[in-house]
Amino acid sequence: MKGKSIEVMAPAGSHASLQAAMDAGADAVYLGVEQFNMRQGTANFKLRALPKIVAECHARGVKAYLTLNTLIFESELPALKKVLDGVAASGIDAVIAWDPSVMRLAHERGIPLFASTQCSIANTEAMLSYNQAFGIKRFVLARECPLVEIKRMQRTLRKLGKDDFEIEVFAHGAMCVSISGRCYLSTFMDGQSANRGTCTQPCRREYQITDDTRDKSLKVGPQYILSPQDLCTLPFLEKILDAGVTSLKIEGRNRPPDYVYRVTRAYRRVVDAYQQRPKLTAEAFTAVKAGEMHQLENVYHRGLSSGFYHGVPLDQWATSKGNHSTSRKVLVGRVLNYYPKAGVAHMRVLNSGLHPGRPLMIQGPTTGHVELTCPVLYLEKENINCAQIGQEITLAVPAKVRRNDQVYLEVQTS
């Protein structure tokens, strides 16, 4: 509802991405454990480590949400109950669920619940039903909801006096051609279910149409007709926030730490600018958005779409199977040691192209994601202009890094 604080929620598919999200200014993160989440292909986290992770988030003022959002088979109920027992003891801020079995068992254990986008909630009657049954007060809307419908829902909630209900929407990331991601293509082609977190993404591939009568075939293109462009709401984010949305979710638990860091930082900065209005002029706000859009073009995407917010996204298909980003990263080194008093890293060079003035990234499970412009390089206390493969060099870094962190060079592709 209007007047509530706006939450920027970031994906955490690994320890490095978790750190990157918090460093970028996320208000909350969402993550999965070994079982029952829609991103089984990510590193995920151990259930036994959940209390420590939650405590780490809370120490930095960040909320932690757990995804238990797959469908559950009868044979899995005992395992689900054990997981929820562990979750209840972890201090988690909420569980994001789809299957009513998860909702009921979590509710019995006093675990706060959010209704997942898999529930396809698109009206207030659905919200009231979930609230009455399971006490749910936050609803991740169906991705098919346009802005005009979100506004209608908010008006109805105000009339009903449901000021404690919260609306969460997806703000950025991958889109699925199926309704709320409930797709069977991966199941039928590869025996891996999207609804069980193991989608093989056959929709992202290039296909051929074959005419058996004439031995002719054509590639389906140039548009990938099963693969939508990625969602990006930043150009019109103020309209979403004006509609009274409480939380902005960034998709990307399969994405690397640099993606999580840059996308989270972009939305953080635009939300902060939005909250400064009317002190911030319209021109200044537009300039902030333009600057952050430039950053979003430098991270992985399949083209950028407005999704369903302005209506059905006609012809917003990916035009290739790969990355449309204007840059890519190349592994150039590995950290051997870090000297905190001097703020210097000692690293081994693994690839060519490392010299002062070039953009670098350093990533690791505890470090998260650190960005810098390559400073002066030293080889045995001598200043060098270009590091060679196999050399061990030192360089100043702006934040603490750790042994075995990976050092990447950012290379512009267009």
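**Cavity, pocket and helix packing**

Author: Lining the largest cavity are Leu 141, Ala 142, Arg 143, Cys 145, Ile 150, Val 169, Phe 170, Met 175, Leu 231, Gly 307, Phe 308 and Tyr 309. This is a predicted model, in which local features need pLDDT of at least 70 and side-chain atom pairs count only at pLDDT 80 or more, while totals for chains, interfaces and linings use all residues. Residues are numbered from 1 along each chain as its sequence is written, and side-chain values use heavy atoms, with hydrogens and water left out.

Reader: What volume does the largest cavity have, and how does its lining divide by class?

Author: Rolling a probe the size of a water molecule over the atoms shows where empty space is left. On a 1 Å grid over the protein atoms alone, a cavity is a set of points where a 1.4 Å probe fits but cannot get out; a pocket is an open set with protein on both sides within 12 Å along at least five of seven lines; and lining residues have an atom within 4 Å of a point. Grid points are joined across faces, edges and corners, and a volume is the space filled by probe spheres set on the points. Here the count is one cavity of 30 Å³ or more, and the largest cavity has a volume of about 90 Å³. Its lining has ten nonpolar, one polar and one charged residues (Ala, Val, Leu, Ile, Met, Phe, Trp, Tyr, Cys and Pro count as nonpolar, Asp, Glu, Lys and Arg as charged, and the others, Gly among them, as polar).

Reader: Which residues lie nearest the centre of the largest pocket?

Author: They are Met 38, Arg 39, Arg 143, Cys 176 and Glu 251, out of 37 lining residues. The volume of the largest pocket is about 770 Å³, and its lining comprises 13 nonpolar, 15 polar and nine charged residues.

Reader: At what angle do H1 and H9 pack?

Author: Two packed helices are described by the angle between their axes and the distance between the axes. Helices (H or I, at least four residues) and strands (E, at least two) are DSSP runs, numbered from the N terminus. Axes are lines fitted to C-alpha atoms, for helices over the stretch in contact, and angles run from 0 to 180 degrees between N-to-C directions. H1 and helix H9 (residues 257-276) pack at about 20°, with their axes 8 Å apart. H1 and H9 are therefore roughly parallel to each other (angles under 35 degrees count as roughly parallel, over 145 as roughly antiparallel, 65 to 115 as roughly perpendicular and the rest as oblique).

Reader: How do H4 and H5 cross?

Author: The axes of helix H4 (residues 100-108) and helix H5 (residues 124-134) come within 10 Å and cross at roughly 45°, which means that H4 is oblique to H5. Pro 100, Met 103, Arg 104 and His 107 of H4 meet Tyr 130, Ala 133 and Phe 134 of H5, where contact means heavy atoms within 4.5 Å. By class, this contact of H4 with H5 has five nonpolar, one polar and one charged residues.

Reader: Where does the peptide bond that is cis lie, and which residue has a positive phi?

Author: Most residues other than glycine have a negative phi, and most peptide bonds are trans. In this model the bond from Arg 277 to Pro 278 is cis, with omega near 5°; Pro 278 is in the loop between H9 and helix H10 (282-296). Phe 36, although not a glycine, has a positive phi of about 65°, and Phe 36 lies in the loop between strand S2 (28-31) and H2.
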